[in-house]
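Open the model in a viewer and keep the selection panel at hand. The stops below are given in the order in which to select them.

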Amino acid sequence: MVVRHWIETIKRKDAWLKIAEYYLPHGPICPDCGQPVQSKKALDDYYAAKRVWCHVCKRQFNPLIGTPIADTSWKPEEFVHLVLLSMPHYSPAEIAQCLGKSLWAVREMLAKLGNYEPQGGPR
Ligand SMILES: [Zn+2]
């Protein structure tokens, strides 16, 4: 499997939503005044990982603050790529549990993948 081919399916917005969900579990909150972001425009900006205008304290904040990619040049999707590429290999049982599939189904699909290796096998 050429990993590079498949990780491109991870899009920026989805990557950012998962990063925010993991590192900012309390949701969109202004780091200056601690108030939740509520206006539609501000929420749209937050979920697009753009600077957010807080209507309470009238200041802008960077929604990435509190995540590993704050104050870096890393894009959300690049961070998720890094996480996935740095993961150890999972056992078929762990994959089955993660995907909600039976161990049998996972083993069958892994065997199929082994039979359809394009361009010279796994990476
Ligand atoms: Zn504020």
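The tour goes from domains to a helix pair and then to loop residues. Keep in mind throughout that this is a predicted model.

**Stop 1: the two domains**

Colour residues 3–87 as domain 1 and residues 89–123 as domain 2. Their C-alpha centres are 31 Å apart.

**Stop 2: helix α4**

Select residues 76–85, which form α4. Which residues of α4 are buried? Show side chains for P76, F79 and V80: these are buried. Now look down the axis of α4: its buried residues fall within an arc of 95°, so they line one face of the helix. Part of the cover over these buried residues comes from α2, residues 12–23.

**Stop 3: α2 against α4**

Two packed helices are described by the angle between their axes and the distance between the axes. For α2 and α4, the axes come within 7 Å and cross at roughly 70°. An angle of 65 to 115 degrees counts as roughly perpendicular, so α2 is roughly perpendicular to α4. The crossing of α2 past α4 is left-handed.

To see the contacts, show R12, A15, W16, K18 and I19 on the α2 side. On the α4 side, the residues they meet are P76, E77, F79 and V80. Among these, P76, F79 and V80 are the buried residues from the previous stop.

**Stop 4: two positive phi angles**

Most residues other than glycine have a negative phi. Select K58, in the loop between β1 (52–54) and β2 (59–61). Phi of K58 is near 60°, a positive value, and K58 is not a glycine. Is K58 buried or exposed? It counts as exposed because it has 9 C-beta neighbours inside 10 Å, and the cut-off for exposed is 12 or fewer.

Next, select D71, in the loop between β2 and α4. D71 is not a glycine either, yet its phi is positive, at about 60°. With 10 C-beta neighbours inside 10 Å, D71 also counts as exposed.

**Stop 5: G100**

Finish at G100, in the loop between α5 (92–99) and α6 (103–115). G100 counts as exposed because it has 7 C-beta neighbours inside 10 Å.

Key. Residues numbered from 1 in each chain as written. Predicted model: local features only at pLDDT ≥ 70, side-chain atom pairs only at ≥ 80, totals over all residues. Helix = DSSP H or I, 4+ residues; strand = E, 2+ residues; numbered from the N terminus. Buried ≥ 20, exposed ≤ 12 C-beta atoms within 10 Å, placed from the backbone. Arc of directions from axis to C-beta. Contact = placed C-beta atoms within 7 Å. Domains from an automatic or database assignment. Axes fitted to C-alpha atoms, helices over the stretch in contact; angles between N-to-C directions. Parallel < 35°, antiparallel > 145°, perpendicular 65-115°, else oblique. Left-handed = near helix turned anticlockwise from the far one by under 90°.
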